[in-house]
Amino acid sequence: MRLILFLGMLLGGAALATWLADHPGTVSYNWLGERGTIDTTEAAALAAGASLGLLIVAEIVRSLWRLPTLLRERQRKARKERGWDWLTKGLVAVGAGDGKAAEKAAGQALAKLPSAPAATFLAAQAAQMRGNRASAERYFSALTDDPDTRVLGLRGLAVEAQRAGDHAAALVHAESALAADPNATWAVEAAFAAMAATGEFAKALALLPRAGRAQGLANAAERRLRAVLLTAQALSGDDTSAREHALEAHNLAKDFVPAALAASALAAAQNQKRAETILEETYRRAPHPDLFRAALDLEPPGAEVRLKRAKTIAALAPSHVESAIGLARAALSAREPETARNALSDHIEDRPTQRVCIVMAELEALAPGDEGRVRHWLTRAVRAPKDPQWIADGVIAAAWAPISPVTGRLDAFEWQVPPTIGEPPVPSIDLDELIEPHEPEALPPGPSVPKTI
């Protein structure tokens, strides 16, 4: 457009000059006491020169007037470029894990780009790397003020809350992010984890399908989590549908011991046969001492009756050590040492566990005056491999719980052998009590205070 305008003015001037040449005339002047005449061509040339001179003077004045503004704009541009350079250096430092360099670069970037969200985010990242939670939360909170970066800021706040173990705050931030962006995958996952950690199992169940899609869970894994949440609801004690929840959990995961225990306990009052079936279905798939004891506790008192029932349960997993221990204890209560010895015979040669050794000590204690054999088995128990226990994030608990007491992670407890640290404790057993008949241990009433490995 400028070229066209220039060419147009040039052609117009040429046309005017041609027209004046074809139509000559004179122009009279009287200026500063001088009089005279000039032809129209000269007058036009003088007018054009004067106009050009005025334009040049006007442009010089305009440039001088704008000079301070131009200098400020140039400084601002240079400052911005330096700010982006520091921002780049900071991002490289974050990627390299250099928290100190990232913090320095973030400070410089913020000083030169105070209104840039990228600089604020870099400062938050640097504060996280340096372990400065207060600064990180301040910068992430600043990001939530801008609609374009609100979800980013909420994610940072949720991460900080999770690191601090404040699951309630993490849930608030995740739900706020979902309100701002329902498709935020991280917010679905964070909200689900926080709901489970804070005991809001019903809300977690409702969100589970979306969380499963967000995490890419297979159907089996999602069914397992649903069973865990339903079992947690059944054990919460304030839900009138506890029985239905426990039964649904058992049907979803028939190898899940806590669901079977809860379902059988809640079903026993109405249908003892159904309770027995539940325990047997799970024991066949996942033999567990609590299942064995619960199945025996459904029987009426009487050592002989319980021994008969123990034989039936042990037959569901005849080669498993839990079947041997459960049957042996029932036989000891019924004063049938040979039955107990036969039950344990396959498990006492190749490194028997501590519980096997203790049961063998109880068995030997039935023989009067044979304390040497008792002490032999107690001595072996000191160095024997440990038996499985409920463990989550390095914490041992007497009973299963839906979430980890350390991290709040759902389905963290596993039935496994704890690691050996230092010398194992010597079993505390009274020899006088060993020779007395005893009933199998009752199921624990609930989780005890966990102990750290």
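**Exercise 1.** In this predicted model, list the buried residues of helix H12 and decide whether the helix is enclosed or open.

*Solution.* Begin with the cut-off, since a residue counts as buried when its relative accessible area is under 20%. By that criterion the buried residues of H12 are Val257, Pro258, Ala259, Ala260, Leu261, Ala262, Ala263, Ser264 and Ala267. The helix spans residues 257-267, and nine of its eleven residues are buried, so H12 is largely enclosed by the rest of the structure.

**Exercise 2.** Which elements cover the buried residues of H12?

*Solution.* Take as cover what has heavy atoms within 4.5 Å. Among the helices, the cover includes H10 (219-236), H11 (242-252), H13 (272-285) and H14 (289-297).

**Exercise 3.** What radius of gyration does the protein chain have, and what value would a compact globule of 453 residues have?

*Solution.* The globule would come out near 22 Å, whereas the protein chain has 43 Å. Next consider the box that the C-alpha atoms fill along the principal axes, which is roughly 155 × 45 × 35 Å.

**Exercise 4.** How many positive and negative side chains does the protein chain have, and how far apart do the centres of the two sets lie?

*Solution.* Counting gives 50 positive and 54 negative side chains. The centres of these two sets lie 7 Å apart. As for the accessible surface, it comes to about 25600 Å², with 57% belonging to carbon and sulfur atoms.

Terms used
Residues numbered from 1 in each chain as written. Predicted model: local features only at pLDDT ≥ 70, side-chain atom pairs only at ≥ 80, totals over all residues. Heavy atoms only, no water. Rg over C-alpha atoms; globule rule 2.2 N^0.38 Å. Areas by Shrake-Rupley, 256 points an atom, 1.4 Å probe, with all protein chains shown as cover. Lys, Arg positive; Asp, Glu negative; His and termini not counted. Charge placed at Lys NZ, Arg CZ, Asp CG, Glu CD. Buried < 20%, exposed > 50% of the residue type's maximum accessible area, 1.4 Å probe, protein only. Helix = DSSP H or I, 4+ residues; strand = E, 2+ residues; numbered from the N terminus.
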